[in-house]
Amino acid sequence: QVQLVESGGGLVQAGGSLRLSCTASGILFGFNAMGWYRQAPGKQRDLVALITSGGSTNYADSVKGRFTISRNDAKDTVYLQMNSLKPDDTAVYYCNLGQERYTYWGQGTQVTVSS
């Protein structure tokens with residue numbers, strides 16, 4: 001069973017930075033991609049950033065140039081470096097791991113950006 005644990009969320013003032021971490025355990029058959037999604041109150045859960053097993057990355061237009069996704073393969077960990085944060089970035093951020101047959105989610109970590 002795959003488990004994902006996020007950390008690094010918190011309260012930050014607009015213009016500040018945070019780094020989120022997601023550590024995966026129980027990966028036995030590899031994965032296609034890992035990524036970050038976010039869900040603000042009253043809104044759907046949307047993709048923020050994605051990194052494939054081959055190292056390719058994709059970003060939502062709203063975070064391009066501000067957020068960077070990276071990984072540490074030795075630790076089965078992905079990171080989301082968030083710079084120049086805006087109040088609109090406020091959301092619960094969820095780590096995601098996709099395999100051929102199933103998708104796994106972390107419990108979420110709250111990011112709040114004050115104006």
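A disulfide is taken here as a pair of cysteine sulfur atoms within 2.5 Å. The structure is a predicted model, in which local features need pLDDT of at least 70 and side-chain atom pairs count only at pLDDT 80 or more, while totals for chains, interfaces and linings use all residues. Residues are numbered from 1 along each chain as its sequence is written, and side-chain values use heavy atoms, with hydrogens and water left out.

One disulfide was found in a search of the whole structure. It joins Cys22 to Cys95, with an S to S distance of 2.0 Å, and is left-handed, with -85° about the S-S bond. The two cysteines are 73 residues apart, Cys22 in strand S3 and Cys95 in strand S9 (strands are DSSP runs of E, at least two residues, numbered from the N terminus). Cys22 is buried, at 0% relative accessibility, and Cys95 is likewise buried at 0% (buried, under 20% relative accessible area; exposed, over 50%; partly exposed, in between; 1.4 Å probe, protein chains only).

Beyond its neighbours within four places in sequence, Met82 is in contact (heavy atoms within 4.5 Å) with residues including Leu18, Phe67, Tyr93 and Val111.

Gly8 lies in the loop between strands S1 (3-7) and S2 (10-13) and is partly exposed, at 32% relative accessible area. Residues up to four places away in sequence aside, Gly8 touches Leu18, Arg19 and Leu20.

Notes. Helices (H or I, at least four residues) and strands (E, at least two) are DSSP runs, numbered from the N terminus.
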